[in-house]
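Good morning, colleagues. I would ask you to look at the sequence and the model on the screen while I go through them.

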Amino acid sequence: MDLAAVHAALAGKSYSSVAPLCDDLFLQAASRGAATDGWPYAVHLLAHLYLNDLNSARFLWKSTPQEAKDARPELAAVWRIGQCLWNRDYAGVYAAAQGFEWSPEIADFVAAFLESYRKRIFQLLTSAYSTISVADVAHFMGMNEEDATNYAMQNGWSLDAAAKMLTVVKPKVKTNQKLDASKLQRLTECVFHLEH
C-alpha cells in the first residue's frame, strides 16, 4: 500500500487534502482485498476531525478493527478528541489534544487541528454573542483568561476590565451584487423605456 501521497500532504501541511486522499487509498486497498494492518488510522481519523466531518470520523472509528484500536494508543487519543467534539466538550477537546505525547508524524497535524478548531470556535462566539465573560471565552478557546483576553482583543473585541466582560465586535459583512448579462439587459431596457 503506497501512502506516499498522504505523507507528502502531511509534509506539505496540506491538511485539508489528507481525508480525501486517505478515503480513496483505503477504498482502493479494500477493493483489492489488501491487508490494512499498516494503515495510518490515527492520521485518517484526525483528517476527518480537521475537516469537522464528525460523521465520517465516527464511521471510520466504527469500521476500524478492534486490534488496531487496542494496539495503537495514538489512535485512541485521536478518538478521545473526536468524542469531545461529538459531545461539544470544548475544554475536553483541548485537554485531549494537549494531554498526549504525539508522534513526530502527527504532532504538527494535531497543532494545526487545534488552531483551526480555535478559529472555528472564535467565529462561533463572534456570531453568537454581543458580550461574553472572559472566563467563558477562556473555556471555549482552551486558554487561560489572559491569553483568551489577548486573543479576543487582537481580533477587535474590547474589554471591560472591571466586569471581566468582553464586547464582541462583529465583522462587517460585505455584500457583493453580481450582475449577469440578463440583469444588465433588463436594466438597460427599463431605463430606455423610462426615457422614451
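In helix 2, the buried residues are V18, A19, C22, L25, F26 and A29. Buried here means under 20% relative accessible area, exposed means over 50%, and partly exposed lies in between, with a 1.4 Å probe and protein chains only. Helices are DSSP runs of H or I with at least four residues, strands are runs of E with at least two, and both are numbered from the N terminus.

This is a predicted model, in which local features need pLDDT of at least 70 and side-chain atom pairs count only at pLDDT 80 or more, while totals for chains, interfaces and linings use all residues. Residues are numbered from 1 along each chain as its sequence is written, and side-chain values use heavy atoms, with hydrogens and water left out.

Let me return to helix 2. As a general point, an α-helix has 3.6 residues a turn, so residues three or four places apart point the same way. On the other side of helix 2, the residues L27, S31 and R32 are exposed. The cover over the buried residues of helix 2 includes helix 1 (4-11), helix 3 and helix 8. Helix 2 comprises 15 residues, 18-32, and at 1.5 Å a residue should span 21 Å; its end C-alpha atoms are 21 Å apart, in agreement. The expected span is 1.5 Å times one less than the number of residues. Just after helix 2, G33 has a positive phi of about 75 degrees.

I turn to helix 6, residues 73-86. Its 14 residues should span 20 Å at 1.5 Å a residue, and the end C-alpha atoms, 20 Å apart, agree with this. Buried in helix 6 are E74, L75, A77, V78, W79, I81, G82, C84 and L85. Among the elements that cover them are helix 3 (41-50), helix 4 (54-63) and helix 8 (104-128). R88, which follows helix 6, has a positive phi near 55 degrees.

Next, the domains. The assignment, which is automatic or from a database, gives domain 1 (1-128) and domain 2 (130-172). Their C-alpha centres lie 29 Å apart. Twelve residues of domain 1 are in contact with 15 residues of domain 2, where contact means heavy atoms within 4.5 Å. How much area is buried between domain 1 and domain 2? The value is about 1,200 Å², of which carbon and sulfur atoms give 70%. In domain 1, F122, L125 and T126 lose the most area to domain 2, together 51% of what that side buries. Buried area is the accessible area, with a 1.4 Å probe, that two parts lose on being put together, summed over both.

Finally, two residues. S133, in strand 1 (residues 131-133), is buried, with a relative accessible area of 19%. Leaving aside neighbours within four places in sequence, S133 is in contact with K164 and M165. E145, in helix 10 (residues 145-154), is partly exposed at 32%. The C-alpha atoms of E145 and A135, ten residues apart along the chain, are separated by 6.1 Å.
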